[in-house]
Amino acid sequence: YNIDQNLLQALKSKYQNKFVVVQAAKLYQHKGFDVTISAAKHLQARQDIQFCLLGDGPELDSLKAQAEDLNNVEFLGLQREMGTWFERADVVILPSHTEGMGSVLLEATLAGVPVVGTRAGGIPDAIANEVNGLLVDVNDAASLAEAILRLKNDRALYEEIRLRAPSFIEGFSIEKAAQRYDKTYSEALAKPQ
């Protein structure tokens, strides 16, 4: 992703002295935006944490109603400058109830942004706990809030994850995936029928 320096400066100015938590996905029920809003409620007394929800979709009105009284949650619509958002984000979350892989987690990891996701579907394949991010249980807003606070408050862990994150993603390259498929097919073909 490219980084729009003008937008980045605007985001840095707007969220100065804020720990920015980004969730970027289509606003579908299974993506867990409701869990994010509940986590934001747990953290609403913290003036230094801001939730930026990026995306649009059928759950927008319902989610806005759930977050009506929260000043730490913003719905920012579909964003095309994800490289810029990754550059500004302190953490990217995906608290899905169900999920295939969660490609946004891989993209954030590649950008060196720590991630937090649920133990749902393919997310545990995209997150190695305490390597490129943290894993929490499905539908557990309190644990999501704790994970966000842990990354905010434990700067040593945060920096370790941030620095290790890009090397973790190497396992997801096309070359590595092709090698795994080749090995799997070779082993399957070598088995007696």
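1. Helix α5 (residues 103–110) contributes the most to the lining of the largest pocket, with 3 residues; helices here are DSSP runs (H or I, at least four residues) numbered from the N terminus. The model is predicted, with local features needing pLDDT of at least 70 and side-chain atom pairs counting only at pLDDT 80 or more, while totals for chains, interfaces and linings use all residues. Residues are numbered from 1 along each chain as its sequence is written, and side-chain values use heavy atoms, without hydrogens and water.

2. The space in the largest pocket is about 280 Å³. Among the 17 residues lining the largest pocket, Ala24, Ala25, Met82, Val104 and Glu107 are the closest to its centre. A pocket is an open set of points on a 1 Å grid where a 1.4 Å probe fits, with protein on both sides within 12 Å along at least five of seven lines, and lining residues have an atom within 4 Å of a point.

3. Helix α7 (residues 141–153) and helix α8 (residues 155–168) have axes that come within 5 Å and cross at roughly 95°. This makes α7 roughly perpendicular to α8 (65 to 115 degrees). In α7, Arg150, Leu151, Lys152 and Asn153 meet Arg155, Leu157, Tyr158 and Ile161 of α8, contact being heavy atoms within 4.5 Å.

4. The ring centres of Tyr1 and Phe86 are 5.8 Å apart and the planes stand at 65°, so the pair is edge-to-face (centres within 6.5 Å, planes over 60 degrees apart). Tyr1 lies in the segment before α1 (5–14) and Phe86 in helix α4 (residues 82–88), so the pair ties together parts 85 residues apart in sequence.

Definitions and conventions. Axes are lines fitted to C-alpha atoms, for helices over the stretch in contact, and angles run from 0 to 180 degrees between N-to-C directions. Helices (H or I, at least four residues) and strands (E, at least two) are DSSP runs, numbered from the N terminus. Angles under 35 degrees count as roughly parallel, over 145 as roughly antiparallel, 65 to 115 as roughly perpendicular and the rest as oblique. Grid points are joined across faces, edges and corners, and a volume is the space filled by probe spheres set on the points. Rings of Phe, Tyr and Trp (its six-membered ring) pair if their centres lie within 6.5 Å; planes under 30 degrees apart count as stacked, over 60 as edge-to-face and the rest as tilted.
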